[in-house]
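I opened a notebook for this chain and wrote down what I looked up, entry by entry. The conventions come along with the entries that use them.

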Amino acid sequence: MSYGLEIIIMKNIEKLFDVLYKNRFTLVILSLLGILGSIDAIFSSGNNIALEFARWYLISFVFAAILTILIGIHCKITKIIGFTIAITYSLLCVINATGFLFWGFGISCRMLSIIFETNSREAIEFFFQTMENLASLNFLLCLIVAIGTTFTLLFLINQLKESYFKIIITVLALAGCLFTGLQLNDTTEKKNTNIFLRTALDLKHTTDSFREYEYLNSITSQNLPYPETLVSNDTIDNIIIVIGESASRNHHSVYNYTLPTTPRLKKKEDKLLFFNDAISAFSTTSESMKMFMTFVNSTTNTNEWYNYPDILSIFSKAGYKTYWLSNQEKNGFMGGCESYFAQKCDKSKFVGILYTGDNLQEKYDDSLLPELSSALKDSTKNKLIVLHLMGSHGEYHRRYPKEYTFFTYNDIAENDRPYLTDQKKKLIAEYDNSILYTDLIISNIIDSLCLYPHQKNLCIYFSDHGEEMYGKRDFAGHSIGYVDIPFIIWASDLFKSKLPDKYALIENSVNKPISLENFPDFLLGISSINYHYYNPTLDFSSKEYIYGDKRIADNMPYHKGQCE
């Protein structure tokens, strides 16, 4: 590098330092706003809050410095661009913090879905409710602290000599670039280095979901061709498919978890079949459901999932009356997949929330039991009934009545997990309580079926995916690859006596490595429905089953034990 070029570079760096020093108040304010844009990431990380605060401040500082330079240099177009980005950035940061502080989530697919679904009346109600919250004492105290902190920093930075200022911002910028690089290369987290990128990613995902939802609504009335006459020679009176939510197999005492989270199923264990090595195909509800409700799978996935036959239409064609009973979302386009399947059924009922985030409409899973009882009383000979639970969906303490609080943080052992604080143990206990409540629901469903001893009844329970719960690392919640699930089957005495060969095939499959993506093949196999999509090598109750060594989870090869 020539000496002259070095001089030019140094002069330009000096100019940038001058711009930052002259606009140091803007730099402080924008960097502090970055904390508001990252507040949910800071408090949801599960790590040391002070360290997380420092990490995210340094990340936001880099972006704040870039914006400050754009605003401060002597170029009208650049100033306009800088101010436009800064104003947008500031609004996003404030909205993110407000959402997290008031409702527990910031800018996300959940927030965007609520915005897209809200009508004018709801918007007005939401505005006045927000104004009431803004006027609350807690918010005013937070506002005073924030303003006080900002003015304190502005005062301190104004006292700094220019030479000291340059040293400090150089150190902060270098550290910020380091943390930004680490964040962008962290494959276990969404790459939300700042609120701009996160909003862009979530907006894309939300709009993609909206388009899919609209398309699904347009094709719901269309039926895929079923050229065969679908008839089952060994019809089952009632097939009950119970879909759990976020329930990890490793937190069920019937699968050797240390706490008694499934005492009722334990009492019924001589009547139940527990599959010991079952996984879901994805660690998210929608993607997993698309796989276990249709014939799309990792070996045939050459088209969109909705272009493959679904089990509801197949059983309907074979003479079964189909039901969809759900305690999950109905109208939200983020739940368009479930809405699509529900509309395929002869009867559907959503007992709980009307759209994402409407907590006032939430009900416990026992609200599904009267609906099941009503369906079982239907005089139709053969029925396929799907029940979708809220199970162990996030905010676990809301998944069971207070009187079913059995486990507390005192029951959670550290087990070589020094990062477990009392708050984290409390979260694990709440998760275990949600499993315990699901145990009650499954037990009651089986008891309801026992009221019909003269019918060949089958109940299949599994979860859509697992959940990480401070196992191998300091993290809780949805996590890539956490797909170990419970898979439990109950059959009536008449089913066992009338279809002994079928039951023997199921019984002999409990130790096979299985995946939910092959559930349609399994279901058709045990129901003796002949259909050209059926593949016995993918049916884990079949003697020809060979799929187990090739399981895929989240589009990656699954390795047994990765969720322990």
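**Overall make-up**

I began with the secondary structure of the protein chain, which comes to 19 helices and twelve strands, where helices (H or I, at least four residues) and strands (E, at least two) are DSSP runs numbered from the N terminus. I kept in mind that this is a predicted model, in which local features need pLDDT of at least 70, side-chain atom pairs count only at pLDDT 80 or more, and totals for chains, interfaces and linings use all residues. Residues are numbered from 1 along each chain as its sequence is written, and side-chain values use heavy atoms, with hydrogens and water left out.

Of the 564 residues, 51% count as buried; buried means under 20% relative accessible area, exposed over 50%, and partly exposed in between, with a 1.4 Å probe and protein chains only. I noted an accessible surface of about 26900 Å² for the protein chain, 60% of it belonging to carbon and sulfur atoms, with areas from the Shrake-Rupley method and a 1.4 Å probe, and for residues only the protein chains shown as cover. Among contacts (heavy atoms within 4.5 Å) with a separation of 6 or more, 76% join residues 24 or more positions apart.

**Helices 4 and 9**

I then looked up helix 4 (residues 49-72) and helix 9 (residues 162-184), whose axes come within 7 Å and cross at roughly 105 degrees. Axes are lines fitted to C-alpha atoms, for helices over the stretch in contact, and angles run from 0 to 180 degrees between N-to-C directions. Helix 4 is therefore roughly perpendicular to helix 9, a class that covers 65 to 115 degrees, with under 35 roughly parallel, over 145 roughly antiparallel and the rest oblique. The residues that meet include Trp56 and Phe61 in helix 4 and Leu172 and Cys177 in helix 9. Cysteine 177 is partly exposed, with a relative accessible area of 47%, and its C-alpha is 9.5 Å from that of phenylalanine 63, 114 residues apart in sequence.

Asparagine 256 lies in the loop between strand 1 (238-244) and helix 11 (263-267) and is exposed at 72% relative accessible area. Aspartate 554 lies in the loop between strand 11 (552-553) and strand 12 (556-557), and counts as buried at 12% relative accessibility.
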